[in-house]
Amino acid sequence: MNNHIESKLLKEMKDLAPDFVKYGENILFGEVWNDPTLTSKERSLSTLSALISIGNTEQMPFHLQLAKKNGVTEKEMIALITHMAFYVEWPKASAAMNIVARQ
C-alpha cells in the first residue's frame with residue numbers, strides 16, 4: 001500500500017474512531033513497541049508470526065514494511081514463513097509468501 005493511500009485510510013479511521021487510533025498510536029506503537037525488553041526486530045518477527053498464524057493478510061503489508069525498517073531481511077521473512085508453514089497450515093503461510101513476493 002502506498003503512503004498516500006495509507007495516510008488517507010488513517011485519516012478516515014481517525015474521523016470514524018479517534019479513540020481507537022489514539023490507543024493504537026499511544027499504547028501499541030508508543031508504549032508496547034518501545035518497551036526495551038524486546039528489540040524492534042524481535043517484535044516485528046513475533047508480530048509477523050502472529051499475523052501468519054491467524055491468517056490476517058490484511059495487516060501483513062504494513063508489518064512487512066515495518067519489519068524491513070526494523071532490520072528484518074527478505075531472506076529472514078521467507079525463512080520465518082517457511083518455518084511457520086509447518087505449524088499454522090500451509091495455506092496461511094502460502095498467502096503470506098504471496099504478499100512478500102508482491103512487496
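The model is predicted, with local features requiring pLDDT of at least 70 and side-chain atom pairs counting only at pLDDT 80 or more, whereas totals for chains, interfaces and linings use all residues. Residues are numbered from 1 along each chain as its sequence is written, and side-chain values use heavy atoms, with hydrogens and water left out.

Helices are DSSP runs (H or I, at least four residues), numbered from the N terminus. Axes are lines fitted to C-alpha atoms over the stretch in contact, and angles run from 0 to 180 degrees between N-to-C directions.

| Helix pair | Angle | Axes apart |
|---|---|---|
| Helix 5 (residues 74-88) and helix 6 (residues 90-102) | about 165° | 7 Å |
| Helix 3 (residues 40-54) and helix 4 (residues 60-69) | about 160° | 10 Å |

**Helices 5 and 6.** At an angle of about 165°, helix 5 is roughly antiparallel to helix 6 (over 145 degrees). Helix 5 passes helix 6 in a right-handed crossing (the near helix turned clockwise from the far one by less than a right angle). Contact (heavy atoms within 4.5 Å) involves E74, I78, I81, T82, A85, F86 and V88 of helix 5 with W90, K92, A93, A96, M97 and V100 of helix 6. These residues comprise ten nonpolar, one polar and two charged (nonpolar: Ala, Val, Leu, Ile, Met, Phe, Trp, Tyr, Cys and Pro; charged: Asp, Glu, Lys and Arg; polar: the others, Gly among them).

**Helices 3 and 4.** Helix 3 packs at about 160° to helix 4, and the pair is roughly antiparallel. The crossing of helix 3 past helix 4 is left-handed (the near helix turned anticlockwise). Helix 3 contributes S44, T47, L48, L51 and I52 to the contact, and helix 4 contributes M60, H63, L64, L66 and A67.

Technical notes. Helix = DSSP H or I, 4+ residues; strand = E, 2+ residues; numbered from the N terminus. Parallel < 35°, antiparallel > 145°, perpendicular 65-115°, else oblique.
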